[in-house]
Amino acid sequence: MTRSVWLKADDSVGDWEARKRRITAGLESGVDWVLVDEGDVDRVRDLGSVKIAAFRTDADVHVMDAEGGDDPDAEADAYFVGKESEGDGTVDLPSDFSGSADLSSLRRSDDHAQGAYVRILSKEYETFAEEAAREADHTIVVGEDWTIIPLENLIARIGEETELIAGVTTAAEAKTAFETLEQGADSVLLDSDDPDEIRRTCEVRDAAEREHLDLQWAEVTTIEPTGMADRVCVDTGSLMEHDEGMLVGSMSRGLFFVHAETAESPYVASRPFRVNAGAVHAYVRAPDGGTRYLAELQSGDEVQVVDSGGNTREAIVGRCKIEKRPMFRVQARLETDDGEDRIETLLQNAETIKVHTREGRKAVTDLEAGDEVLVYYEDTARHFGEAVEESIIEK
């Protein structure tokens, strides 16, 4: 599931200058969508690149009649009904939903209303949100002094019929929304002017998206010099923490945790953006769970950064440096569901390259048979980096 953060920036926020400040903070933090009034669409386009959702001021007015004229850039990416109508309680809900103006707009086939906005004011509005979700691509639900129960009900009942967007005012509420019933809401609509709160909410989104890996220990059986090879340093556009690195290895099923060069030494400054990842033939794990050859990485590609606890995030490759360097062959064995397996990789023979052992970070030059190192093991074959169901022998 792809999570997203929507930012509420309609006229309830204040005048245009107040809305502009909120939208600008959202753009700087990395929100996915902004929700505005129809008349602000063109102005938001001028602020930066972001998906725009707009409240329809009149669901029966054609888009070209809205503010912005016939300029196609003035069109929103999605239009919503529900503001100043049935969805927010301005107009009473009909006793028979077949007479609902909001639902009628959603049922039209002219693609001028793709979303529904509903404040959950009572049980009836929860039922109304369910009806709207059957017609809408996106359904925003905003609780009014509610508990988490209405959101749980909607998650359970709506399923995959719509993108369910929960209204929140803080990053803590966003975290709860993403975790409700384990599945969570698809997205959140944040109503906040606080730039720090907007940033934290985007961080919550990113954390919810990230994969957690079960790393395990493998015992080093062999470490020996192999001569020269083409070594790859992966320099990212992000700074890595002391316990972070990448997963690399000669065999796709078993990847070694190699630390980023965050440690200072008497001979070289730390380079916390770099992982000295091994020889060109080796694999590195990617954010989508696939693998890439180190030799094929280039600026702009994404790689997966992992910490010693198995928490992951994405990083953009800034450059790769390939140079001839003396190498070690590191082989390790580990227990698997099918017994025992051996994995290996080539790492540069240098004190700055460190792996994670039971005792903590250890330079590959100090590594000995019997040491236990952190690895990620996945008993699967790969074809062009994708897991496949076939027998492949790697040795």
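A cavity was defined, on a 1 Å grid over the protein atoms alone, as a set of points where a 1.4 Å probe fits but cannot get out. Grid points were joined across faces, edges and corners, and the volume is the space filled by probe spheres set on the points. The model is predicted, with local features requiring pLDDT of at least 70 and side-chain atom pairs pLDDT 80 or more, while totals for chains, interfaces and linings use all residues. Residues are numbered from 1 along each chain as its sequence is written, and side-chain values use heavy atoms, without hydrogens or water.

Four cavities of 30 Å³ or more were found. The largest cavity holds about 70 Å³ of space. Its lining (residues with an atom within 4 Å of a point) consists of E261, T262, A263, S265, V268, A269, S270, R271, T352, K354 and R361. Three of these lining residues are nonpolar, four polar and four charged (Ala, Val, Leu, Ile, Met, Phe, Trp, Tyr, Cys and Pro count as nonpolar; Asp, Glu, Lys and Arg as charged; the others, Gly among them, as polar).

Helices (H or I, at least four residues) and strands (E, at least two) are DSSP runs numbered from the N terminus. In strand β5 (residues 115-120), five of the six residues are buried, so the strand is largely enclosed by the rest of the structure (buried: under 20% relative accessible area, 1.4 Å probe, protein chains only). Pairing of strands requires at least two DSSP bridges between them. Strand β4 (residues 78-81) runs parallel to β5 and is joined to it by two bridges, with F80 opposite G115 of β5. Six bridges link β5 to strand β6 (residues 138-143), also in the parallel sense, and here G115 stands opposite H138 of β6. Between β5 and β6 the chain passes through helix α4 (residues 123-133) in a right-handed β-α-β crossover (with the strands pointing away from the viewer, the path from the first strand over the helix to the second runs clockwise).

Methods. On a 1 Å grid over the protein atoms alone, a cavity is a set of points where a 1.4 Å probe fits but cannot get out, and a pocket is an open set with protein on both sides within 12 Å along at least five of seven lines; lining residues have an atom within 4 Å of a point. Buried means under 20% relative accessible area, exposed over 50%, partly exposed in between (1.4 Å probe, protein chains only).
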